[in-house]
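Please look over the sequence and the structure shown here before reading the report that follows, which begins with one residue and then widens its view.

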Amino acid sequence: MVSTYHYLFLAAALFTIGVIGVLTRRNIMVILMSIELMMNAVNINLIAFSDHLQHQTGQIFAIFVITVAAAEAAVGLGIVIAMFKNKETMNINEIDLMKW
Amino acid sequence: MLQLILFYIFGAIAIISAILVITQKNIVHSAVFLAATLLSVAGVFLTLHAEFLAGVQVIVYVGGILVLFVFVIMLISMERSVHERQFSRHWMIALIASLALIGEFGYGIYKGKDSFLLPPAEAAPSPETVLGNAEAVGTALYTTYLLPFEIASILLLVAIVGAVVLAKRRTVGE
């Protein structure tokens, strides 16, 4: 029988992979993908507890997380396109216009 | 038993392709492996009896967000980005931060493991068993959580306007 424990470990592993992706990669597209991975890990946690407690509130919150992920992807990719038009690069080390 | 087998299959695919997402040099390959991860997470949702969320995951993530990603990858030229430096120079700091995070997760789950041994919910039938997953979620969404639902729609509207403003061509006058 699968316990909630199993799902928590899966979610923790996915979240950690996402964090490692954000910290180590320099390509802005891969960083956005890693953020999606982390949001998915959060969704697994929410739905695992929704199943554990036999209450559907966790699933509602997962829907809101998916909504925020969609909004974040739309705005983030808009920023990527605008940035690529200006600087012709996807490397976040070269985007230092606002760096003090 | 079937649930256990499905959980291990989907979980293994999710983790392996997630690792491949962050290690591939070519971002198109990353996007393909991200699709594999998202689909297997939808499978994990199915093992948790969240059929509606599994459908939403496939439609919104794989059908919407991922297509948007691939679309943007096609819009920008890839020849240069493949030759650019892909990994950060500060990998040592990243390693330490990740190890700290793993330790924190392990400690937290270990300390809280007793709370997962609770007997699963009382005998009273939950709304899901009476109504089915999609109906239960829909009912809660349109009654208890109506205000957050409306706020989420406003958030999406703001995101659409923001994306259009960011991506539109600058006119000469500006």
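This is a predicted model: local features need pLDDT of at least 70, side-chain atom pairs count only at pLDDT 80 or more; totals for chains, interfaces and linings use all residues.

## The nonpolar core

The largest nonpolar core holds 64 residues, and A:I47 is listed with A:A11, A:L14, A:M29, A:I44 and B:F45 as the members that touch the most other members. At least two residues of this core come from each of α1 (4-24), α2 (28-52) and α3 (57-87) of chain A, and likewise from each of α1 (2-23), α2 (27-47), α3 (51-75), α7 (133-142) and α8 (146-167) of chain B. The element that gives the most to this core is α2(A), with 13 residues.

## Helix α2 of chain A

Because 21 of the 25 residues of α2(A) are buried, this helix is largely enclosed by the rest of the structure. Its length can be checked as well: at 1.5 Å a residue, the 25 residues of α2(A) should span 36 Å, and the end C-alpha atoms lie 37 Å apart, which agrees with that expectation. Just after α2(A), the backbone at A:Q54 takes a positive phi of about 55 degrees.

## Chain A as a whole

Chain A contains three helices and zero strands, and its pattern along the sequence reads α-α-α. Its radius of gyration is 17 Å, whereas the globule rule gives 13 Å for 100 residues; the value for chain A is well over that figure, so the chain is more spread out than a compact globule. The C-alpha trace of chain A spans about 50 × 25 × 25 Å along its principal axes.

Of the 100 residues in chain A, 56% are buried. When contacts within chain A are limited to residues at least 6 apart in sequence, 46% of them join residues at least 24 apart.

## The side of chain B that touches chain A

Between the two chains, 69 residues of chain B are in contact with 61 residues of chain A. On the chain B side, the elements giving two or more residues are α1, α2, α3, α5 (91-111), α6 (127-131), α7 and α8. By residue class, this side of chain B divides into 52 nonpolar, 13 polar and four charged residues.

Definitions and conventions
Residues are numbered from 1 along each chain as its sequence is written. Chains are lettered from A and ligands numbered from 1 in the order in which they are written. Helices (H or I, at least four residues) and strands (E, at least two) are DSSP runs, numbered from the N terminus. The radius of gyration is taken over C-alpha atoms; the globule rule is 2.2 Å times the number of residues to the power 0.38. A residue is buried if 20 or more other C-beta atoms lie within 10 Å of its own, exposed if 12 or fewer, and partly exposed in between; C-beta atoms are placed from the backbone. Two residues are in contact if their C-beta atoms, placed from the backbone, lie within 7 Å. A nonpolar core is a set of buried Ala, Val, Leu, Ile, Met, Phe, Trp, Tyr and Cys residues joined through C-beta atoms within 7 Å. Ala, Val, Leu, Ile, Met, Phe, Trp, Tyr, Cys and Pro count as nonpolar, Asp, Glu, Lys and Arg as charged, and the others, Gly among them, as polar. The expected span of a helix is 1.5 Å times one less than its number of residues.
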